[in-house]
Amino acid sequence: MAITSFPFDSQAVTESQYGYLFREFQDSGVVAAYDSPGFHVSAGNGMTVTVQPGLAILRGHMVQSTATETLAIPAAGTNTRVDRVVLRLDPASNSITLAVKAGSAGSSTPSALSQTDTGIYEMALANVAVSASVTTITSADVSATRPVVGHRVGVWSTSTRPSSPRKGQLGFNNTLARWEWWDGSAWADLAPTVSWASLTGKPSTFAPSAHSHAWGDITEKPVVFPVAEHGHHWEGVYGKPSYFPPTSHSHSWGQISDKPGSYPPSGHSHGEYLTSGSTISWANGSKMPHNNSASGSGTWYAVWVEGDGTFCRNTSSIRYKENVRDIGIDPAAVLALRPRVYDRKPTEDKPQSRKDEYGLIAEEVAKTLPEIVTYDEEGRIDALRYDLLGVALLPVVQDQAQRIERLEALVEELARAA
């Protein structure tokens, strides 16, 4: 008959059928808590071990012991061996008994268990190491191997894991102190520890977004703040004097009285700024670039003014340069620059100052991007090389281009994984 079903009323049910039924309800093992004494094996006197009372299931059959049992370990030989204390199911004799299964002489591996589907079925409770020529078994010689059941979610040690697990079987491994499950080929950690190194797809850098901190949350802040160089509007200054003794200063030509009517020329030259019959109306030939308008298709140069007032052209060819090397500019240093709107301070020759100019403050730029700050003859911060600001912006653009490339690659990876 190809299909059978059981048990039903007025039906003969065999021992094997009941065994098949109950082994699906529970695996073979000691029915107890993992740390309970049920069927626990320990060293006895001389060449004996004792087995505590307990309850166990073997291949769907139940065995119960109500008293401590003593088992004799076969005498030691001249070589070491490993014996096994087992519960042995023998369907032919309708019994489950305690037995000692001697190991092979000279081997550190215990004998294999007999675990047939319908005949003899053995379940190991402990291994007993028998050294050569000993006459006493000690507690150090006995190691527990009993499987423990009684829960639908199992509890076991590494050595007593279920021998024929099914995919998805779950239990707590007391040896490894972890929950594990059978993935079909190996025992896998149910909740593995995740470390930073084991994460995949993580970004290599984390750009901080705009944020703020409460003053009380900031650690290692200074107790006092030295006043940095700064300015105030004249109207906002209190207690200012009404009279200022003159210091070293200058006056425009029109403001000077009793000046001589003529000046005999001393020995000097005007270089290339004069043409035949022309005169200089502005100092150092400054009227030449002022009067020349941008036109034509010839070679163009940016004009610089050196500290001594000399005009010169800005060249970029490698022919005029040496000791060329890379410079590391932090994009964050450029992004930290603060555009400002300000009024120019009035001077004697220009009492009406320019209003609402916009640009950068050199002292602020010096804190993050000193490469484009210039200084006067006395070492004071004086001006900015605005022509170099575009060069400083290149690392910002390159950094953003790399970020965009990484983000595009991440988006593509996420799209493929979806």
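Me: I am new to this structure. Where does Glu306 lie?

Reply: Glu306 lies in the loop that links strand E16 (303-305) to strand E17 (311-313). Keep in mind that this is a predicted model. Glu306 counts as partly exposed because its relative accessible area is 42%, and partly exposed covers the range between buried, under 20%, and exposed, over 50%.

Me: Now the inside. Which residues of the largest nonpolar core touch the most other members?

Reply: Start with the general idea: in soluble globular proteins, nonpolar side chains tend to be buried together. Here the largest nonpolar core has 24 residues, and Val49, Leu58, Leu87 and Leu125 touch the most other members. Strands E3 (48-51), E4 (54-58), E7 (81-90) and E9 (121-130) are the elements that give two or more residues to this core. E9 gives the most, with 6 residues.

Me: What joins Phe6 and Pro7?

Reply: A cis peptide bond, with omega about -10°. Pro7 sits in the segment before helix H1 (15-25).

Me: What about phi: which value does Glu220 have?

Reply: Glu220 is not a glycine, yet its phi is positive, about 60°. Look for Glu220 in the loop between strand E15 (187-189) and helix H2 (287-291).

Me: And Asp356, is it buried or exposed?

Reply: Asp356 is exposed, because its relative accessibility is 58% and exposed means over 50%. Asp356 also has a positive phi, about 55°, although it is not a glycine. Its loop runs between strand E18 (340-342) and strand E19 (357-359).

Technical notes. Residues are numbered from 1 along each chain as its sequence is written. This is a predicted model: local features need pLDDT of at least 70, side-chain atom pairs count only at pLDDT 80 or more; totals for chains, interfaces and linings use all residues. Side-chain values use heavy atoms; hydrogens and water are left out. Helices (H or I, at least four residues) and strands (E, at least two) are DSSP runs, numbered from the N terminus. Buried means under 20% relative accessible area, exposed over 50%, partly exposed in between (1.4 Å probe, protein chains only). A nonpolar core is a set of buried Ala, Val, Leu, Ile, Met, Phe, Trp, Tyr and Cys residues joined through side-chain atoms within 4.5 Å.
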